[in-house]
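Please read them with the structure open.

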Amino acid sequence: MKSYRKVFIFHTNTRRAFINITQQVEACLKESGIKEGLLLCNSMHITSSVFINDDETGLHKDFETFLEKLAPEKPYDQYYHNGYEDNADAHLKRTIMGREVVVAITNGRLDFGPWEQIFYGEFDGKRDKRVLVKIIGE
Ligand code: ZN
């Protein structure tokens, strides 16, 4: 069995952002040489997500509205966690959007359904954050 590992660093200029990372993940798969197996991609931070959905700007605005309704950033003092920090909303948003994705690898390709794309979701940005790609297979 072959194994491959890579870590990407993202640094957004805004507190929140969605970044399509599909091409970077596909480049990892190509570099790995693995043709059949599984690919894991996860955020290594507890205030950001990796998730799969449609690359459509209207939908991304809908995600922002949906997440702000469930866990609004402000007022900061509405959260117990914000005694020393201001990012309780980011922890909650990350929990909703998930930590990681697993994608099947078939014939050397990510075995996606129609419209599936991989995104990095940042909820407490303006600093370096890491994303792990791990691939196992043959
Ligand atoms: Zn925190």
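1. What spacing do the donors of the zinc ion follow along the chain? The spacing is H-x3-E-x1-N-x3-H. Donors here are N, O and S atoms within 2.8 Å of the metal (3.2 Å for Na, K and Ca), and water is not among the atoms, so sites may look incomplete.

2. Conventions. This is a predicted model, in which local features need pLDDT of at least 70 and side-chain atom pairs count only at pLDDT 80 or more, while totals for chains, interfaces and linings use all residues. Residues are numbered from 1 along each chain as its sequence is written, and side-chain values use heavy atoms, with hydrogens and water left out.

3. Zinc site. His81 (NE2), Glu85 (OE), Asn87 (OD1) and His91 (NE2) coordinate the zinc ion at 2.1 to 2.3 Å. The arrangement is irregular because the four donor atoms subtend angles of 77 to 153 degrees. For four donors, tetrahedral requires all angles between 85 and 135 degrees; square planar for four, and octahedral for six, require opposite donors over 155 degrees apart and all others between 65 and 115; anything else is irregular.

4. Glu85 is partly exposed, at 39% relative accessible area, whereas Asn87 is buried, at 3%. Buried means under 20% relative accessible area, exposed over 50%, and partly exposed in between (1.4 Å probe, protein chains only).

5. Three-stranded sheet. An open sheet has the strand order E2-E7-E4 with antiparallel pairing. Its edge strands, E2 (17-20) and E4 (48-53), each pair on one side only. Neighbouring strands are turned by 25 degrees against each other on average, direction ignored. Helix H2 (residues 57-70) packs on this sheet and touches E2, E4 and E7, with its direction at about 145 degrees to that of E2. Helices (H or I, at least four residues) and strands (E, at least two) are DSSP runs numbered from the N terminus; two strands pair if DSSP finds at least two bridges between them. Axes are lines fitted to C-alpha atoms, for helices over the stretch in contact, and angles run from 0 to 180 degrees between N-to-C directions.

6. Ile19. This residue lies in strand E2, which is joined to the antiparallel strand E7 (residues 117-122) by four bridges. The bridge partner of Ile19 in E7 is Tyr120. At 25% relative accessibility, Ile19 is partly exposed. Leaving aside neighbours within four places in sequence, Ile19 is in contact (heavy atoms within 4.5 Å) with Phe10, Thr12, Ile118, Phe119 and Tyr120.

7. Strand E8 and Lys129. Strand E8 (residues 129-137) contains Lys129, which is buried at 0% relative accessible area. The Lys129 side chain makes a polar contact with that of Glu122 at 2.7 Å. A polar contact is a pair of N or O atoms within 3.5 Å; within protein, one must be able to donate a hydrogen and the other to accept it, and residues adjacent in sequence count only if both atoms are side-chain atoms. Nine bridges join E8 to the antiparallel strand E1 (residues 2-10), and Phe10 stands opposite Lys129.

8. Backbone points to check. Lys74 and Pro75 are joined by a cis peptide bond, with omega about 0 degrees; Pro75 is in the loop between H2 and helix H3 (88-97). Trp115, not a glycine, has a positive phi of about 75 degrees and is exposed at 70%. Lys126, also not a glycine, has a positive phi of about 70 degrees and is found in the loop between E7 and E8.
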